Protein chains: 2
Amino acid sequence: MRAGIFHAPGNVSVETVPDPTIEQPTDAIVRVRRATVCGSDLWSYRGVTKWEDGWRTGHEFIGVVEEAGPGVRDLECGDEVVAPFSYCDNTCEFCRAGVQTSCVHAGFWGGNHDDGGQGEFVRVPMADGTLVRVPEPLAGDLSKLAALALITDVVPTGHHAAVRAGVRPGVTAVVVGDGAVGLCAVLGARRLGAERVIAVGHHAGRLEIARDFGADAIVDARDDEAVVARVHEETSGGAQCVLEAVGTQPSMNLAINLARPGGTVGFVGVPHTVGAIDLRQLFSNNVSLAGGVAPARAYIPLLLDELAAGGHDATPVLDMTVPLDRLGDGFVAMDGRTAIKVLLEVSD
Amino acid sequence: MRAGIFHAPGNVSVETVPDPTIEQPTDAIVRVRRATVCGSDLWSYRGVTKWEDGWRTGHEFIGVVEEAGPGVRDLECGDEVVAPFSYCDNTCEFCRAGVQTSCVHAGFWGGNHDDGGQGEFVRVPMADGTLVRVPEPLAGDLSKLAALALITDVVPTGHHAAVRAGVRPGVTAVVVGDGAVGLCAVLGARRLGAERVIAVGHHAGRLEIARDFGADAIVDARDDEAVVARVHEETSGGAQCVLEAVGTQPSMNLAINLARPGGTVGFVGVPHTVGAIDLRQLFSNNVSLAGGVAPARAYIPLLLDELAAGGHDATPVLDMTVPLDRLGDGFVAMDGRTAIKVLLEVSD
């Protein structure tokens, strides 16, 4: 099969590798129909996090069950499925508590042990626990593949930001970041009933999508002090809920400074800067920092039901579509910020 | 009157200063009966936080209303009162939300603007908002003065750690720190219904008090790795609720590492190290960091009612009592860890 391979920062290609096979009775092989490039793929692409020559790329994919091991009970060949960006047994104590990313058997796609999502096939461990079957009327609807692909990661991650920030009816929510996750966090804040959503970013085109997704106000983020002043003015002293979707130190500290006393920052940007965050500010204002890697598996059924019922569609964040073999072009576009998010057409 | 004055690190004395007078109609003058020395007083005493020559000391006091301004409605001369460690109007939006430490008119005792708690009299701004009248049968009971003095700060701060860590019936709570606040955090965890409380510290005598306060297990904290291993073993993967009551970077990171995936660290130790906390660990495990300066004013009525009903008594943390003029000895003892917490007898 063809699959994305990382070689060095700035060097990702699609090559022929061995087809995966069933290794454990509970494995399934999924034929990938659509995959996507994630903002977090860029950290290794840019050499910020270590990734080694020859490792597989990608962790966002949807497809069709091609083969199921003898221990797979709930899925059969031909089932259309959505994969969360990490696998899990969905039965352990942490899974039952809704933290499937901390499953005692958790693992992440790609790297040197597992198939990446950016390839023609993926061996899926613990298929019954990991995969979610696409419900009617979405199953069989080719027009929904792009929307489904977003439910693997960015839509649940944006939702998680809203959940962790404690968004509830009546609050004002501020979203920091206008990447795909930030835009999906706007959807998340709306889904949970925020009365008002303020989007902070610095790309006019992306902020327009934020508005389409339900943001009431848009704040340009180029000058942090001005952002703080503007948001504090709009909220009379800060927002109850701040959704941080970038993961850098300046962004985290900006988010902390936008929160109201007693408020909460829900952070879902992978924290690549472990430097000093403003603990004194958190302390003085009783601001909570409640973030984490999204337990996508926990939210996918809800998000599929919502999509099936004609709800939100996050596809405006997908502004570039290429076949799998042009994966490298997708990385270049996202790295250069000429694309928000890239959809890979892998198979029909 | 006599009052504590800071001169330089390691140099605190009691001197004669002008008696306070009513400055605003809503002020009251309180005659102090008991005051205490706080662990947080030690930060300036040790030169870690800036405090200037001539500034007043102390923020924990109880007493009797000596004089009330014409705008004071709810209190009268002779009322026995408890003061929270910061003053507030108790009517603004933040006060109504239970974050009185973020009151739009909030202020902290001592320094160069306000009377400190370690003195014979204190001018109390916004007396109706700030002070809480001591209820029957505590009023008039001299034997309860020490217990009342602890309700100004350490008891509500320990309670806040439990509130912010999300302690609820059935959880296991781990308390990091065996100072007065940590010990009161054990009481807080018990008050909120923790099924099991594990106290982490490194002073045998203090940990014995933790046991008396309701800790089920005691872990010696000298070796962080051993503490993590022991707590993870006792809790099968970490505690749902961790109460951090120290405020140093190692203590904060220890607390984060003791939390279970999806758990919460409630931190109330004033964070004097704003260095790197383990954000990646928070992120990977969906651990929340929810702390802050305790809105003591919010909890004092509840804590007084509990004490009046014969509930907890935190006085075992008071292991040294001196008259006000021996304030310096109290600082020396707490700085040298020969006393957990010092009670000052100011007037009868």
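Predicted model: local features only at pLDDT ≥ 70, side-chain atom pairs only at ≥ 80, totals over all residues.
Superposition of chain A on chain B requires a turn of 180° and a shift of 0.0 Å along the axis, and leaves an RMSD of 0.0 Å. The two copies are thus related as by a two-fold rotation axis. In the contact between them, 25 residues of chain A meet 25 residues of chain B. At least two residues each are supplied to the chain A side by β14 (259-267), α10 (279-285) and β15 (288-290) of chain A. Of these elements, α10(A) provides the largest share, six residues. By class, the chain A side consists of 15 nonpolar residues, nine polar residues and one charged residue. Of the interface residues of chain A, 100% are also interface residues in chain B, so the copies meet through the same surface.

β15(A) pairs with β15 (residues 288-290) of chain B in the antiparallel sense, over three bridges. Within this pairing, A290(A) has S288(B) of β15(B) as its bridge partner.

V175(A) is placed opposite L243(A) of β13(A).

The domain arrangement was examined in chain A. This chain is divided into domain 1, made up of 2-153 + 295-345, and domain 2, which covers 155-289. The centres of the two domains of chain A, taken over C-alpha atoms, are separated by 27 Å. Their contact takes 17 residues from domain 1 and 15 residues from domain 2 of chain A. On the domain 1 side, the largest share, four residues, comes from helix α11 (residues 296-308) of chain A. That side has 12 nonpolar, three polar and two charged residues.

In chain B, a helix pair was examined. Helix α5 (residues 154-164) and helix α11 (residues 296-308) of chain B pack with their axes 9 Å apart and at an angle of about 105°. The two helices, α5(B) and α11(B), are therefore roughly perpendicular to each other. The residues that meet are V155(B), P156(B) and H159(B) from α5(B), and A296(B), Y299(B), I300(B) and L303(B) from α11(B). By class, this contact of α5(B) with α11(B) has six nonpolar residues, one polar residue and no charged residues.

In chain A, β1 (residues 2-8) and β2 (residues 11-16) pair in the antiparallel sense over six bridges, with I5(A) opposite S13(A) in β2(A). Two residues lie between the strands of this hairpin, and G10(A) takes a positive phi near 80°. In chain B, six bridges likewise join the antiparallel strands β1 (residues 2-8) and β2 (residues 11-16). I5(B) stands opposite S13(B) in β2(B), and G10(B), in the turn of the chain B hairpin, has a positive phi of about 80°.

Further backbone features concern loops. Most residues other than glycine have a negative phi, and most peptide bonds are trans. M126(A), although not a glycine, has a positive phi of about 45°; M126(A) is located in the loop between β8 (121-124) and α3 (127-130) of chain A. E136(A) and P137(A) are joined by a cis peptide bond with an omega of about -5°, and P137(A) lies in the loop between β9 (132-133) and α4 (145-150) of chain A. A cis peptide bond, with omega about -5°, also joins E136(B) and P137(B). P137(B) is placed in the loop between β9 (132-133) and α4 (145-150) of chain B.

Conventions. Residues numbered from 1 in each chain as written. Chains lettered and ligands numbered in written order. Contact = placed C-beta atoms within 7 Å. Nonpolar A, V, L, I, M, F, W, Y, C, P; charged D, E, K, R; others polar. Pairing = 2+ DSSP bridges. Least-squares fit on C-alpha atoms with pLDDT ≥ 70 in both. Domains from an automatic or database assignment. Axes fitted to C-alpha atoms, helices over the stretch in contact; angles between N-to-C directions. Parallel < 35°, antiparallel > 145°, perpendicular 65-115°, else oblique.
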